[in-house]
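Good morning, and thank you for joining this meeting.

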Amino acid sequence: MSALQAVVERRGQQIFGLVDQHPESIFTKAGFYQKMMAFSMRDETFKVQMFRFVDVLASLRRSGDIVAHLREYFRGMDSFIPMLQTGLRAAGIFPWLTAFILRRNVSGMARQFIAGRDGADVMKTLRKKRKEDIGFTVDLLGEAVVSEKEADEYAARAMELLETLARETRGWTDPLGKNTELFPVVNLSLKISAFYSQMDPAAPEEAIAHLAPKLRPILRRAKEVGAFVNFDMESYAQKNGTFDLFKALFTESEFADWPHVGIVVQAYLRDAERDLKDLIEWGRKRGTRFAVRLVKGAYWDYEKIISSQNGWVCPVYLQKPESDACFEACTRILLENEAIVTAAFGSHNVRSIAHAMAYAEELGIDQSRFEFQLLYGMAGPIKRALVEMGYRVREYSPVGELLPGMSYLVRRLLENTSNEGFLRAKFSDNLSTAQLLRDPKELITPEKASPDGQRNGYHSAAAFSLDTPPGDTYENAPMVNFVHRQTQEQMKTALREVRGRLGRQYPLTINGEKVTTGKWMPSLNPSSPNEIVGSVAEAGIPEAERAVSAARAAFDKWSRTSVEHRAQLLERLAAIMERRRFELCAVEVFEVGKAWDEADGDIREAMDFCLFYAQQMRILGRPRITQHVAGEENYQHYWGRGVALVIAPWNFPIAILCGMVSASLVTGNTVIMKPAEQSAICGALLMEMFEEAGVPKGVLNLLNGDGAVIGEHLVNHKDVDLIAFTGSREVGLHIWKAAGETRPGQRELKRVICEMGGKNAVIVDSDADLDETIVDSVYSAFGYQGQKCSALSRLIVLEENYDRVVERLLAAAASLRVGNPQEPGITVGPVIDEAAYQRILATIEAGRKEATLAYQAKDVPKEGYFVPPTIFIDVKPNARLARDEIFGPVLSVIKVRDLDEALEVANGIDYALTAGFFSRSPANIERIKAELVAGNVYINRSCTGAVVGRHPFGGFKMSGGGTKAGGGDYLLQFLIPRIVTENIMRHGFAPEETPRYRDEFLVRRPGSTVVEK
Ligand SMILES: Cc1cc2nc3c(=O)[nH]c(=O)nc-3n(C[C@H](O)[C@H](O)[C@H](O)COP(=O)(O)OP(=O)(O)OC[C@H]3O[C@@H](n4cnc5c(N)ncnc54)[C@H](O)[C@@H]3O)c2cc1C
């Protein structure tokens, strides 16, 4: 055993000895809270339901609602939890009494972790703690800040709290009376995201520009009154921005000599050691002492889920002992640099604490020169033990009302009941002292150690079999994570480079040849319409004819090319897109006005279409037995339909075009692709990439031109067998009709895959989590200027919540960043072109006569097609605003009585594309799942952002023909099914079994060439 380990064990045992004199009361068996925790640890389902119930309770006003939620959350569980049985029985007889008791109990629980309602209230707690020689850092709880109005209010409250603390603690002295200059009595912890609602990881400079002016007055005042200010750390997305802000502010001359500032380092992050060394380096250059609170981190599950959903490298360690070991490594770094940094160890883990004590002893650092920080309401006996041992103890004391306090409370409940948590291990599972004090490095399972750079997929391709549901094993391409400075720089460089070659000309591609026509169509930058992004050759009827002939001629060979060969073409294309990713994003920013992350989402989706359809076609491409019957083999397999015409919109300029083209090609069709005029350069680049990937001559042909001329000609062409269209209702219905007519010489009945618009509704229930509702609704309505087919257009709000929703919604919309999307962090850019601009403004003007225009942005750029984000309220369900598709940044808010009326309004429309619901009522959520009429129904999340394989996308009614892009059955639309039956009985004898799948039927048709496999 190392000398250090021996001291760790000694100190640890000493703490445990003191702790065991006063066991942790929250883990005893008495009382509501204790019972609830015990059940939660015993039963995971109960735990989830209980914590969800706690989360919603504070927002319920009526007794009936509380009782209804109680029943909904715990249906079926009462039989094995007697406390619930009694509660539910009582609820039926005296609902008000049950509601009262529940509220009281949950408030009691919250009070256990929340030190006071406001500044005055918290002082009672702080005075009590002072008597126990425990210091404080106060944190102001708040709802998620969704607008600048709320951010300003938060800043004002923080200032008020600071004043109260300074005033009320005048004359208080340091409990240890030693090295007091390092540890001011007043200590304020600030949650940085609460000071600016539009913090975007891609735009750290912009965040600093907004945050610094808001924070300076508080910092100035704190410095004046001799207080300490700490920047708390939140999710990984905010981490770099928070560090940058800290360094920027405290290097300013006004604050450069101020030692009483601190920041948090989270040891569950793989970046932790590097970040800490960086900070220390900065501190040395600054030349003034500062502080670091070392913690493990509060958002472990969240980080794991978010990184998995986006395909990112998981930023947190995956094994608990890895976080513990990192905490110890950072402890050593902190203590070794004690000359410049004051350490605060934020942990309830006796091993982590004892290690810090032991290492400080080894370095000869006096125990009054660092401190232990613990959370209010947790690990009381440990705090007491540390005080008795003469260490400096500070309690993290949240202040706030019950409603905003609920998410904090739930985090604490999770922490207390976590399977991996120290407190549970010690106080509930009663692990031995020796086990609890082991060196975490010894507990890391090396083969499972989290390697740097590993993506954390929840679904694994290893589980893949031919019978697994489509999409289930598909691992999506990762999003670009603009948290990293490197990706920010890559995007800026790409924007510069693409700007340097704007104006290029792109020919048509017909039968592998580059064709120009003497006519060029310019594509303009909607942010700056004088700028030509590029020009494309304009095709006329003769070029359209040549393209059809080329595609027709190429079909025979291509349709008989092996599935594997076709699938690999798409995979090569995806790899090329990955290589050119930032360049493609930059082109989208210029050509269609997409913000950075929206542009990246489009490229990711395009790559996903390629990879997903390749995977799906490999499954479909193998002839599959239809039924096992003795003496006969029956195989179903597919052929391509023929020549496909792909007509795509500009709003997902590469993804939708690429999706429809790649689906056509992988299924063996040959293609004429016609990008939208407004996004012709994106189309030309896609053609270029398909060629690099090796698409054979004539198999894919690029035609640009006037839809009314060449589009119309091709739709009616006898040699076009399939039309894949995404676009407006007007054009979609016209194509649907035209395709129904059979022309002389036509071989096939035309198949139309038709995806059109929506008038998408989101319903807000009376118990909805408004933080989530507002953020997601604003993003759904105004992200990409409301020009996604999935965009939210009608927000239907139950009257009980209406005023509060409207108030927060208008403030949130007013905080959005509108501007040129070349800048990072922009949410609302320009609409696509002059025609759209004029049409949307006219719709807004007309809307004024129908409803109340409650909000319209004022400060939008003068140049470019910037339509101000606009919100109408009190819109009647039958108003044109509420019925016609607008395709721009305009949101209509409709008030309804109850959920029945909400459903009637939501469903009483021509369209059925996307729809959403925000609620915390399990029964209402189930009802909506069954009754909301839309192709894609989203609950408690944004109604945009469908992911290939996960959320197959497409609508019905006047939104489309019911097909699902990115779904397991999408490719079937592009195929003709065929059955081959063979009698395998000879003289009464037949094999007992036939295989389920067999190789492809790759026969020659008369006149066709041999096909590569
Ligand atoms: C005073 C104070 C202030 C704090 N301030 C912040 C803050 O600003 N920002 C912040 O994010 N956190 C903060 N925390 C930390 C957080 O709230 C938890 O309290 C803390 O992470 C619990 O760690 P522990 O050492 O007490 O307990 P332990 O039980 O030893 O550790 C639990 C922690 O280990 C990590 N973990 C759990 N499972 C795994 C796993 N499978 N693999 C890897 N790691 C895992 C998680 O971080 C978890 O919280 C603060 C904590 C305190 C005490």
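Let me begin with a definition. Two rings of Phe, Tyr or Trp, taking the six-membered ring of Trp, are said to pair if their centres lie within 6.5 Å; planes under 30 degrees apart count as stacked, over 60 as edge-to-face, and the rest as tilted. Please keep in mind throughout that this is a predicted model.

With that definition, how many aromatic pairs does the structure hold? The count is 30. I shall describe two of them.

In the pair made by Phe 250 and Trp 258, the ring centres are 5.9 Å apart and the planes stand at 65 degrees, so this pair is edge-to-face. Are these two residues buried or exposed? Phe 250 has a relative accessibility of 0% and therefore counts as buried. Trp 258, with a relative accessible area of 3%, is buried as well.

The pair of Phe 609 and Tyr 613 is stacked, with 5.5 Å from centre to centre and 20 degrees between the planes. Both residues belong to helix α24, which covers residues 596-620, and because they are four residues apart there, about one helical turn separates them. Phe 609 is buried, and Tyr 613 is buried too.

Phe 250 and Trp 258 also take part in an aromatic cluster.

Arg 412 lies over the face of Tyr 408, at 4.7 Å from the ring centre. Arg 560 is placed over the face of Trp 639, and there the distance to the ring centre is 5.8 Å.

Rolling a probe the size of a water molecule over the atoms shows where empty space is left. A search of the whole structure finds nine cavities of 30 Å³ or more. The volume of the largest cavity is about 150 Å³. Which residues are the closest to its centre? Out of 18 lining residues, they are Arg 566, His 637, Tyr 638, Trp 639 and Glu 1000. Two or more lining residues come from each of α22 (563-579), α24 and β15 (632-640). The largest share, four residues, is supplied by β15. By class, the lining of this cavity divides into nine nonpolar, six polar and three charged residues.

I turn now from cavities to pockets. The second largest pocket has a volume of about 970 Å³. It is lined by 35 residues, and those closest to its centre are Trp 650, Phe 725, Gly 727, Ser 728 and Val 731. Which elements supply at least two residues each to this lining? They are α27 (707-715), β19 (722-726), α28 (729-739) and α31 (834-847). Helix α27 gives the most, namely five residues. The lining of the second largest pocket consists of 19 nonpolar, nine polar and seven charged residues.

Next, a pair of strands. Strand β12, residues 520-525, and strand β13, residues 528-537, run antiparallel and are joined by six bridges. One of the residues involved is Pro 522, whose bridge partner in β13 is Ser 535. The two strands, β12 and β13, form a hairpin, with two residues between them.

Most residues other than glycine have a negative phi, and most peptide bonds are trans. Tyr 784 is not a glycine, yet its phi is positive, near 45 degrees. This residue lies in the loop between α29 (770-782) and β22 (792-798). Its relative accessibility is 1%, so Tyr 784 counts as buried.

Asp 874 likewise has a positive phi, of about 55 degrees, although it is not a glycine. Asp 874 is found in the loop between β24 (870-873) and β25 (890-896). At 34% relative accessibility, Asp 874 counts as partly exposed.

Is Asn 419 buried or exposed? With a relative accessible area of 60%, Asn 419 is exposed. Along the chain, Asn 419 and Met 41 are 378 residues apart, while their C-alpha atoms are separated by 8.0 Å.

Definitions and conventions:
Residues are numbered from 1 along each chain as its sequence is written. This is a predicted model: local features need pLDDT of at least 70, side-chain atom pairs count only at pLDDT 80 or more; totals for chains, interfaces and linings use all residues. Side-chain values use heavy atoms; hydrogens and water are left out. On a 1 Å grid over the protein atoms alone, a cavity is a set of points where a 1.4 Å probe fits but cannot get out, and a pocket is an open set with protein on both sides within 12 Å along at least five of seven lines; lining residues have an atom within 4 Å of a point. Grid points are joined across faces, edges and corners, and a volume is the space filled by probe spheres set on the points. Ala, Val, Leu, Ile, Met, Phe, Trp, Tyr, Cys and Pro count as nonpolar, Asp, Glu, Lys and Arg as charged, and the others, Gly among them, as polar. Buried means under 20% relative accessible area, exposed over 50%, partly exposed in between (1.4 Å probe, protein chains only). A charge sits over a ring if NZ of Lys or CZ of Arg is within 6 Å of the ring centre and within 35 degrees of the ring normal. Two strands pair if DSSP finds at least two bridges between them.
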